[in-house]
Amino acid sequence: MAPDPTRTTPWWRDAVCYEIYVRSFADADGDGVGDLRGVTARLDYLESLNVDALWLTPFYTSPQADHGYDVADYRDVDPRFGTLADFDEMLAGAHARNLRVIVDLVPNHTSSAHPWFVAALADGPGSAARKRYLFRDGRGPDGVQPPNNWQSLFGGPAWTRVADGQWYLHLFDPEQPDLNWDDPDVGDEFESVLRFWLDRGVDGFRVDVAHGLFKESGLPDVEGMTAAGETLDDTMSQWDRPYWDQPGVHDVYRRWRQVLDSYPGDRMMIGEAWVGTPESMARYVRPDEMSQVFNFHWLSTPFSAPALRDVIAATYAAVGPVGASPTWVLSNHDVVRTVTHYGGGDLGLSRAKASMLAMLALPGAAYVYQGEELGLPQVEVAPEDRQDPTWLRGGGVGRDGCRIPLPWSGDAPPFGFSPETAEPVRTWLPQPAWFADYTVERQSRDPYSTLAFLRFALARRREVVPGLSHEFHMLDRGADVVAFRRDGVDGAPGVTCVVNCGTEDVPVGDLGTPLVLSAALAESTGHLLPNSAAWFQS
Ligand code: BGC
């Protein structure tokens with residue numbers, strides 16, 4: 001995209017980025033699985049949301065053991081999702097609508113079907129091919145026990161034994177062998193992959209498991225680690241594990257940053273780095289490393305004013321000292337949907353809308369996951385329909401419930417997700433009948449729908465953000481209220497955001513003109529109702 005000469009800060013600093021989980025967004029070819037032509041066909045919809053950028057989850061050649069996070073060819077499109085020509089068309093269509101495009105990069109592991117891993121198995125112990133992965137001899141008589149006690153995030157041991165007796169490490173599925181980032185081939189290969197997509201015109205990368213690439217030397221046991229009780233959520237956030245946040249990762253991101261900076265147009269990368277302290281998070285966003293890291297604190301926080309104020313304060317403590325901009329995330333394809341996280345039903349939806357308004361008012365970038373604009377709750381997926389490797393490997397109920405194909409139109413599955421055919425297409429995860437109430441078609445007709453609300457909020461955000469300071473200050477409006485103000489710059493009015501997390505109405509009459517409301521103000525008093533939020537301009 002041509003750089004905007006009037007822009008003084010990089011585009012991603014305050015962008016709203018919409019996550020497309022490609023398998024579940026829109027299916028153009030009628031196989032029940034979303035694809036790139038499905039995205040292209042819905043670009044007008046994406047433009048109408050008033051988001052600034054799209055992040056596409058992996059669409060590369062892959063056996064789909066982890067739905068694309070097991071990549072067999074980093075430079076091609078899986079036939080299920082289309083072709084490179086489909087990708088180019090989607091990218092051009094997005095750029096024509098002023099939508100940037102970020103693609104997912106998966107550097108911690110490849111697929112076991114990747115030619116490198118196939119060669120590593122064939123070439124045997126000690127070979128150069130094997131050194132690109134983490135192969136080790138086992139422990140105990142004849143090496144029958146795994147080299148250490150690490151457990152896979154998807155359940156079961158993190159080691160699998162191969163025919164010649166050695167074991168290989170896989171923090172995730174056995175079909176996702178971890179790469180050995182100490183091997184120079186690995187760094188060179190990823191630089192080349194980065195350039196491949198940058199040359200095609202992508203605006204940036206979302207870096208998967210960005211904190212995982214290096215493992216502590218000697219691969220020490222984790223004290224007390226057993227197969228029981230580990231789930232994806234809690235293992236990703238066990239900061240002190242010897243496979244997370246090792247110092248070597250930062251040289252990788254410095255190298256990538258140089259590559260990004262050698263291209264025009266503010267190319268960026270955002271890291272999925274689940275790290276524990278503000279200091280460790282800040283290391284990823286030093287000026288010569290990542291542009292941003294996801295800030296996951298909000299999505300696991302209850303709807304409580306003290307807890308949300310803490311999240312905001314901790315976020316600034318992390319990014320402030322290195323001059324980085326914050327990011328805000330309520331949901332993604334790995335976690336329970338926000339509406340359900342906040343209690344479900346009308347209460348959950350009210351809180352999700354209020355939280356959305358708060359995160360969109362804060363300085364920095366916001367990431368919105370497909371379906372959030374429809375207020376979709378988590379879907380209860382029957383055990384026989386579940387597809388997530390976490391479930392299949394006994395690591396818990398899995399993440400399928402937030403990945404159900406989107407409901408676009410109509411009254412019955414596939415709700416416009418797949419083309420209309422005589423025999424309705426069966427989507428890869430079944431959609432519940434009650435999705436009929438959530439379709440884009442239905443919500444587009446309803447001025448009070450969640451979709452209408454988010455479109456409106458994003459339109460107002462786009463208008464006011466250029467006139468707002470990157471700073472904000474918290475206001476004291478009571479213990480159960482989160483309130484903050486961003487002053488205007490260059491004569492523009494400021495915006496105050498108020499979130500009522502309590503049970504009493506909150507007076508807001510002195511704060512200016514209401515700009516966006518997540519729910520109507522109390523009719524008689526004009527007060528802000530519980531579980532709602534508003535922006536005021538003054
Ligand atoms: C992705 C997951 C994936 C895992 C392994 C995560 O960060 O978001 O969906 O299962 O990485 O690649």
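Tutor: Happy to! Let's start with Tyr-18, whose bridge partner in β2 is Leu-54. Please keep in mind that we are looking at a predicted model. This pair belongs to the contact between β1, residues 16–20, and β2, residues 53–56, where four bridges join the two strands in the parallel sense. On the sheet that holds these strands sits helix α12, residues 345–361, which touches β1, β12 and β13. The helix direction makes about 150° with that of β13, residues 365–369.

Now widen the view to the whole sheet. It is open and has eight strands with parallel pairing, and its order reads β11-β10-β9-β5-β2-β1-β13-β12. At the edges you find β11 (292–293) and β12 (327–329); each has a single partner strand, so one side of each has no neighbour in the sheet. Thus β12 is both an edge strand and one of the strands that α12 touches.

Asn-50 lies in the loop that links α2 (43–48) to β2. Its phi is near 70°, a positive value although the residue is not glycine. Most residues other than glycine have a negative phi.

For a contrast in strand direction, turn to the open sheet of three strands, ordered β6-β8-β7, where the pairing is antiparallel. Here β6 (135–136) and β7 (159–161) stand at the edges, and because each has a single partner strand, one side of each is left without a neighbour in the sheet. Between β7 and β8, residues 167–169, there are three bridges, and the strands run antiparallel. In this pairing Trp-159 stands opposite Leu-169 of β8.

Finally, let's visit the ligand. There are 15 residues around it, and Asp-66, Asp-208, Glu-272, His-333 and Asp-334 come nearest. By type, the shell divides into seven charged, five nonpolar and three polar residues. Asp-208 has a polar side-chain atom 2.7 Å from a ligand oxygen atom. For His-333, an N or O atom of the side chain is 2.9 Å from an oxygen atom of the ligand. For Asp-334, the corresponding distance from a side-chain N or O atom to a ligand oxygen atom is 2.5 Å. On its own the ligand has 310 Å² of accessible area, and the protein covers 100% of that.

Terms used. Residues are numbered from 1 along each chain as its sequence is written. This is a predicted model: local features need pLDDT of at least 70, side-chain atom pairs count only at pLDDT 80 or more; totals for chains, interfaces and linings use all residues. Side-chain values use heavy atoms; hydrogens and water are left out. Two strands pair if DSSP finds at least two bridges between them. Contact means heavy atoms within 4.5 Å. Axes are lines fitted to C-alpha atoms, for helices over the stretch in contact, and angles run from 0 to 180 degrees between N-to-C directions. A residue is near a molecule or strand if one of its heavy atoms lies within 4 Å of it. A polar contact is a pair of N or O atoms within 3.5 Å; within protein, one must be able to donate a hydrogen and the other to accept it, and residues adjacent in sequence count only if both atoms are side-chain atoms. Accessible areas come from the Shrake-Rupley method with a 1.4 Å probe; for residues, only the protein chains shown count as cover. Ala, Val, Leu, Ile, Met, Phe, Trp, Tyr, Cys and Pro count as nonpolar, Asp, Glu, Lys and Arg as charged, and the others, Gly among them, as polar.
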